[in-house]
Amino acid sequence: MDRTATDLEIANLTKRYGDTVAVDSISHRFAAGSYVCLLGPSGCGKSSTLRMIAGHETVSDGDIVLDGQMIAQVPAAKRKTSMMFQNYALFPHLTVLQNVGFSLKMRGEASAARDAAAREMLDLVDMRDFAARFPSMLSGGQEQRVALARALITKPSVLLLDEPLSALDPFLRDRMRAELRRFQRELGITFIHVTHSQTEAMALADEVIVMNAGTIQQAGPPREVYAKPKTAFVAQFLGGHNVVKLADGLISLRRDKVQLTTGTDAKVEAAVTGIEFQGAFVSLSARGMGDQDFHALLPEEAFFASPVSLGQTIGLTWAPEASHRLTQ
């Protein structure tokens with residue numbers, strides 16, 4: 001079922017709802033055949049962006065180019081895209097097989113042909129044995145697989161996924177996350193996945209696009225974005241970073257690179273304000289340097305070898321490469 005990867009680009013894409021700008025003239029080229037996560041808080045514009053690419057939301061300004069063709073004004077059904085919705089949107093009165101084959105029925109394909117195609121999709125997601133069941137007879141993970149099969153049956157060049165794991169319990173979410181990545185690799189098509197979960201984006205994506213207030217704050221490979229956030233928003237939203245104001249500017253400082261010290265190498269003296277045991281690590285909070293909050297993620301063995309207590313004044317230090325300048 002391998003496809004030929006197709007280029008997708010958005011150019012100055014804008015979405016307005018009255019006087020409110022939900023997506024503010026963003027541009028980006030998506031690498032063909034990649035897994036991309038649009039990451040950001042609620043209201044940042046990521047779902048509006050996804051829905052414009054899908055054709056389920058009108059474009060206020062800008063364009064969408066897929067495989068060399070401008071598609072911003074093309075109806076959703078005629079684009080080489082398919083969307084998997086957050087609530088799966090399965091028809092309760094149709095069987096699994098009928099749900100998967102529904103879009104082919106709308107295209108006028110014969111019953112035998114669409115049933116064969118639907119069974120092929122159910123094989124892909126390991127759901128053939130459930131073909132005669134109704135959605136009410138399925139678990140959340142099984143519903144998700146059926147929704148994925150239904151989205152893939154039209155053989156899209158780009159699959160769009162709107163918070164596809166949010167309705168699942170944590171254990172199932174981890175398992176389905178791995179399966180989504182496997183499906184993408186096997187199919188070789190572009191997946192664009194909207195999420196507000198930093199962990200989900202880091203685990204899945206070839207590229208992470210961090211959005212805020214309708215703009216793209218930063219885009220790049222997960223490790224690069226995590227290690228070198230460009231803005232205070234990206235550093236704080238991704239977690240794992242301190243944002244520190246120095247006399248000569250703003251820096252991002254990774255929590256797992258901050259160390260306790262009793263020596264003269266301390267860069268900051270701070271009072272301990274919080275200690276949380278997190279299994280393999282201890283999360284320590286402290287306040288210093290002009291009443292700024294600092295956080296350190298310390299190996300459990302290192303912390304308990306020389307523990308500190310609430311209110312205690314401690315020294316914090318870090319290597320130069322653990323921090324870098326922020327642009328804003």
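Let me start with helix H4, which has 13 residues and, in this predicted model, reaches 19 Å from its first C-alpha to its last, close to the 18 Å expected at 1.5 Å a residue. Ten of those 13 residues are buried, so H4 is largely enclosed by the rest of the structure. The buried residues are Gly141, Gln144, Arg145, Val146, Ala147, Leu148, Ala149, Arg150, Ala151 and Leu152, and they pack against strand E6 (81–84), helices H2, H3 and H5, and strand E7 (158–162).

Leu148, leaving aside residues up to four places away in sequence, touches Met84, Val125, Leu159, Leu180 and Phe183. Arg145, which also lies in helix H4, is an arginine that counts as buried because its relative accessible area is 11%, and the cut-off for buried is under 20%. With the residues up to four places away again left out, Arg145 touches Val125, Asp126, Met127, Arg175, Met176 and Glu179.

Within H3, the residues that are buried are Arg114, Ala117, Ala118, Met121, Leu122 and Leu124. How are these buried residues of H3 placed when seen down the axis? They fall within an arc of 150 degrees, so they line one face of the helix. As background, an α-helix has 3.6 residues a turn, so residues three or four places apart point the same way. The buried residues of H3 pack against helix H2 (96–106), H4 and helix H5 (170–187). Following H3 comes Asp126, whose phi is positive, near 60 degrees, and Asp126 is also among the residues that Arg145 touches.

Helix H5 has 18 residues and reaches 26 Å from its first C-alpha to its last, close to the 26 Å expected at 1.5 Å a residue. Its buried residues are Leu172, Met176, Arg177, Glu179, Leu180, Arg181, Phe183, Gln184 and Leu187, and what covers them includes strand E3 (35–39), helices H3 and H4, strand E7, strand E8 (190–195) and helix H6 (198–204). Just after H5, Gly188 takes a positive phi of about 75 degrees.

Not counting residues up to four places away in sequence, Arg177 touches Leu165, Thr199, Glu200, Ala203 and Leu204.

Now for the aromatic side chains, where the count comes to five aromatic pairs. One of them is Phe233 with Phe237, a stacked pair at 5.6 Å centre to centre and with 10 degrees between the planes. Phe233 and Phe237 are four residues apart in helix H8 (residues 232–238), which means that about one helical turn separates them. Phe237 counts as buried, at 15% relative accessibility.

A second pair to look at is Phe277 with Phe304, whose ring centres are 6.2 Å apart and whose planes stand at 65 degrees, so the pair is edge-to-face. This pair links distant parts of the chain, since Phe277 is in strand E14 (residues 268–277) and Phe304 is in helix H9 (residues 300–305), 27 residues apart. Phe277 counts as exposed, at 56% relative accessibility, whereas Phe304 is partly exposed, with a relative accessible area of 46%. Together with Phe303, Phe277 and Phe304 form one aromatic cluster.

Finally, there are two lysines placed over rings. Lys15 lies over the face of Tyr17, at 5.0 Å from the ring centre, and Lys267 lies over the face of Trp318, at 5.7 Å from the ring centre.

Key
Residues numbered from 1 in each chain as written. Predicted model: local features only at pLDDT ≥ 70, side-chain atom pairs only at ≥ 80, totals over all residues. Heavy atoms only, no water. Phe/Tyr/Trp six-rings, centres within 6.5 Å; stacked < 30°, edge-to-face > 60°. Helix = DSSP H or I, 4+ residues; strand = E, 2+ residues; numbered from the N terminus. Buried < 20%, exposed > 50% of the residue type's maximum accessible area, 1.4 Å probe, protein only. Lys NZ or Arg CZ within 6 Å of the ring centre and 35° of its normal. Contact = heavy atoms within 4.5 Å. Arc of directions from axis to C-beta. Expected span 1.5 Å × (residues − 1).
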